[in-house]
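Hi everyone, thanks for coming. Today I'd like to walk you through the pockets in one protein model. Have a look at it first.

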Amino acid sequence: MEDDLIASLTRQVQEEVIENYLNERRLIDLQLEELSEKAQKVRKGAKKTGKRITRIGYLLLDDFFRKKWANLVNLPENTYWYGCLMEEFSQDVRFIRVTALTNKGKFKKLLQEAYKRLVHRMAEYMETYNEFCKDCEAVNLNIKQFHSNYDLLTIVRFLKSLDVCGIERKKILGENFSPDELMSIDKKLYFKPVKIESWDLPIPLTLPEPMLVERELERLANEVYNTYGNRLKTIVR
């Protein structure tokens, strides 16, 4: 009788531990879902920022001048951002209005202003990206703490000792595991650390402040206009 009581109490304690375990597990599942949603927002921010680079590529007209600009602002090749520079411009960003006495003057102002807006947008993206990195670190700390709080082997042994119907009836597993998954539950219980690289998000650039490259941009604008003045008249209208 006493042995039965001890066994029953032990069982109740074990089930309570499992319930606590699975409640905390579901919280981490929710955090991982939130990370995926945030990653989508970061990716949208990268796309919006990239359009500002594409606009500059459009103003520079050919790859020779685009590469000169890339070197000027330390834009590395073989990156997402360099790809944006070479993309076709779809003109789906806000139109920039400038005033000057000549078309050449307008073009120089236009290139300077386009760069200023890029720097501003890149700073916003960097802030969003860095916040996402912090969120990933926080979730990884939670995962580490989660695994340290529970003996995984004990959890697995206990779950495998329960009959499948009993598990479903008591809802110990909630929606995290189906009966078929019990055979490989030891693998499914382990959370892998979050890796930022898995979302393939572009690393933000540290661009020179506009005032630091103002003269170089003006010289580049002069080169472009001296080469393509007639074509640029339609752009600076």
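Residues are numbered from 1 along each chain as its sequence is written, and side-chain values use heavy atoms, with hydrogens and water left out.

pLDDT is the predictor's confidence in each residue, from 0 to 100. The chain averages 82, and 75% of the residues score at least 70. Over residues 1-10, though, the pLDDT is below 50, and beyond near neighbours in sequence that stretch has zero contacts (heavy atoms within 4.5 Å). Where pLDDT is low, the predicted coordinates should not be read in detail.

Now, a pocket is an open set of points on a 1 Å grid over the protein atoms alone, where a 1.4 Å probe fits, with protein on both sides within 12 Å along at least five of seven lines. Lining residues have an atom within 4 Å of a point. Volume is the space filled by probe spheres set on the points, which are joined across faces, edges and corners.

How much space lies in the largest pocket? About 280 Å³. Of its 13 lining residues, the closest to the centre are Tyr58, Phe89, Gln91, Phe95 and Ile235.

The second largest pocket holds about 150 Å³. Its lining includes Lys47, Tyr80, Phe89 and Asp92.

Conventions:
Predicted model: local features only at pLDDT ≥ 70, side-chain atom pairs only at ≥ 80, totals over all residues.
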